[in-house]
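Biologist: I have a model open and want to learn how to read it. Where do we begin?

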Amino acid sequence: MTAPQQKSLPSEQTPLMGRLAEEVQDAPRVPATALQGSAIMVAMGLLLFIQATQITVMTTAQSAIAAEFDAFSVVTWFSSVFLIAYSSIAPLSGRLCQIFTPRVYVFFTSSLLALGLFVTAAAPNLAVFLLGRAIAGCGAGGQTVTAFVLTLDLTSKKRRGLFLGLISVGMTTGISSGAVLSGLLTTAYGWRLIFWIQAPVALILAPVMFSAIPIRPEDEELDKGALLEKLAQVDYAGALTMTISVTLLLSSLASSEIRIAPILAFLVSIGLFLLIEARFASQPIIPMVIVKLRTVGLTCFAGLITRMARWSVLFYSPVYAMVVRDWNPASAGLILVPTNAGFGLGGVLAGWLHIRRSQSYYLSSLIGYLLFAIAGFILAMVATPTSSVITFVCATFVNGLAVGALLNYTLSHLLYLTHTDVHYIVGALVGMSRGFAGSFGSAIGGGFFMRELKRGLEARFRDHGLEDREELVRKLLGSPALVKSLTGVERAVAVQSYEQAIQRLFLGSCVLILVAAAAQAGTGWRAQDRERQPREVIDEEDQCET
């Protein structure tokens, strides 16, 4: 008879070794010293703040810029050209960041952002001004992606969520501050000063980031041949045709009159883009085989429409405060603080208190849309000169809270509905669709607003026997601050027309919210049989891994 086997007893070193193994497994992928980490966090935070302020800086500075360049009819492009460049470069940024390494890529994008700000600040005419905005948008488009890459590389898994949340805080703070800072500086020193201040800061931060970011082990093994091979696989043609398509579509809708020729050119361009993505691109920006999945396509569409409705509040709440409430530009910018605070809080609370595992969030998403629509309707009803300011501010807060939560819920629900092997590219597609919402919201929403404003101004001036106010109407379309200089009937007509246009824009955003909710409802509430998802979907993910 054999002796029974003795169980191995844990030694004094076993708990210690277990903890060490756990710490090694949870260690950052790329180690960094405390000094490097602090420098990266501060510098990246400042870069995110600068690029985020550029998104809303035009809401309170556009009147002064339009007056200087006599560009009252194209004010929607002050923001749209930045956002189009920002959104167009974002799909390529992840790939380029991996090819050139984060430290090189962030140096390039920060320098490009600084160049764009310098060009904008010194612009002698409208064309150069818009060029500067486009250059700055290209530089800013890579900052957010680089921030996410650095978070994945330099932080442990336990602290990763915290730093991802800090990225959102930096962006939200910048968006909230942009309108306030531009309102203060434009009133006291002119609109150019904000760009003159930010440009050298961005330029200084470029070498700081380059020096602080540690070199990854794989970066040392990358030779020239491998670099050229990776660069050759980037979908440049797809990015170019996509940018052209978006620009043509927005140029037809972002004005006081809808133009047919750009729409026809858009149809040709978008057809070429789809052909490139489906047939010729080795690593397409938009993998058609994945977009064709009902859950993915509907979620991306809902995200685009949702953020478009959100941008109508971000861009036109300050206009309401300036014109209808007669606030000064700096105070008007402050009205964005509650809604952005709500946006950040909604996403954090949903993730912290509810989203803790992979499951269906179908009902939570639809409840979020319902709350979003109610808040939008309340905003439309209280956007008057005599309504309660507290009610309006509370409605903007709830608006932000609802959209912040539902964006978190819809992404989590999509990840539940799709195969885990395609989560990387699904997340990228959702992010891209939401990113383009800024340019679509500012241009298409701005075009709708201008058409409604023009119609109201012309009708009211005609009712008062003032048909010869064509030049005043042209200037009022692009300069909300001009209303303050008017008196008598002209001022009353302008305020009433702005009030009506803003109310209709907010009501239009409610319609968009309902469309987005219907699209989200179409995704379904149960996980698909993931084994039946086409094999090429999984292969597509393998091709897109960096």
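This is a predicted model: local features need pLDDT of at least 70, side-chain atom pairs count only at pLDDT 80 or more; totals for chains, interfaces and linings use all residues.

Biologist: How many residues does α15 have, and what does it span from end to end?

Modeller: Helix α15 covers residues 336-354, which is 19 residues. Its first and last C-alpha atoms lie 27 Å apart, close to the 27 Å expected at 1.5 Å a residue.

Biologist: Step back to the whole chain. How many helices and strands are there?

Modeller: The protein has 21 helices and zero strands. Of its 546 residues, 53% count as buried. The accessible surface comes to about 24300 Å², and carbon and sulfur atoms hold 66% of that.

Biologist: What share of the contacts joins residues 24 or more positions apart?

Modeller: Take the contacts with a separation of 6 or more. Residues 24 or more positions apart account for 84% of them.

Biologist: Show me one residue up close. Is S182 buried or exposed?

Modeller: Read its relative accessibility against the cut-off: buried means under 20%. S182 is at 0%, so it counts as buried. This serine lies in helix α7, residues 157-189.

Biologist: Which residues does S182 touch?

Modeller: Leave out residues up to four places away in sequence. S182 then touches V57, T60, A61, T187 and I194. With T60 there is also a polar contact: the two side chains come to 2.3 Å.

Biologist: And A518: buried or exposed?

Modeller: Here the cut-off for exposed is over 50%. A518 has a relative accessible area of 53%, so it is exposed. Its place is in helix α20. A518 and L298 are 220 residues apart in sequence, while their C-alpha atoms are 9.2 Å apart in space.

Biologist: Let me try a loop. Where is R325 found?

Modeller: R325 is in the loop between α13 and α14. With a relative accessible area of 17%, it is buried, because that is under 20%.

Biologist: Which residues does R325 touch?

Modeller: Beyond four places in sequence, R325 touches Y320, T384, P385, T386, S387, S388 and V389. S388 is the residue that caps α17. A polar atom of the R325 side chain lies 3.1 Å from the backbone oxygen of P385. R325 and T386 are 61 residues apart in sequence, yet 8.3 Å apart from C-alpha to C-alpha.

Biologist: What should I look for in backbone angles?

Modeller: Most residues other than glycine have a negative phi. Look for exceptions. D326 has a positive phi near 65° and is not a glycine. It is found in the loop between α13 (294-323) and α14 (329-333). At 41% relative accessibility, D326 counts as partly exposed.

Biologist: What is the phi of D70?

Modeller: It is positive, about 50°, and D70 is not a glycine either. D70 lies in the loop between α3 (58-69) and α4 (76-100). Its relative accessibility is 47%, so D70 counts as partly exposed.

Biologist: Now the rings. How many aromatic pairs are there?

Modeller: The count comes to 13 aromatic pairs. One of them joins F449 and Y498. F449 is in helix α18 (residues 423-463) and Y498 in helix α20 (residues 488-521). The pair links parts of the chain 49 residues apart. Both F449 and Y498 are buried.

Biologist: Which rings form a cluster?

Modeller: Ring pairs link F69, F78, F129, W191 and F195 into a cluster.

Biologist: Where does the charged end of R103 sit?

Modeller: It sits over the ring of F210, 4.1 Å from the ring centre.

Note on methods: Residues are numbered from 1 along each chain as its sequence is written. Side-chain values use heavy atoms; hydrogens and water are left out. Helices (H or I, at least four residues) and strands (E, at least two) are DSSP runs, numbered from the N terminus. Buried means under 20% relative accessible area, exposed over 50%, partly exposed in between (1.4 Å probe, protein chains only). Contact means heavy atoms within 4.5 Å. Accessible areas come from the Shrake-Rupley method with a 1.4 Å probe; for residues, only the protein chains shown count as cover. Rings of Phe, Tyr and Trp (its six-membered ring) pair if their centres lie within 6.5 Å; planes under 30 degrees apart count as stacked, over 60 as edge-to-face and the rest as tilted. A charge sits over a ring if NZ of Lys or CZ of Arg is within 6 Å of the ring centre and within 35 degrees of the ring normal. A polar contact is a pair of N or O atoms within 3.5 Å; within protein, one must be able to donate a hydrogen and the other to accept it, and residues adjacent in sequence count only if both atoms are side-chain atoms. The expected span of a helix is 1.5 Å times one less than its number of residues.
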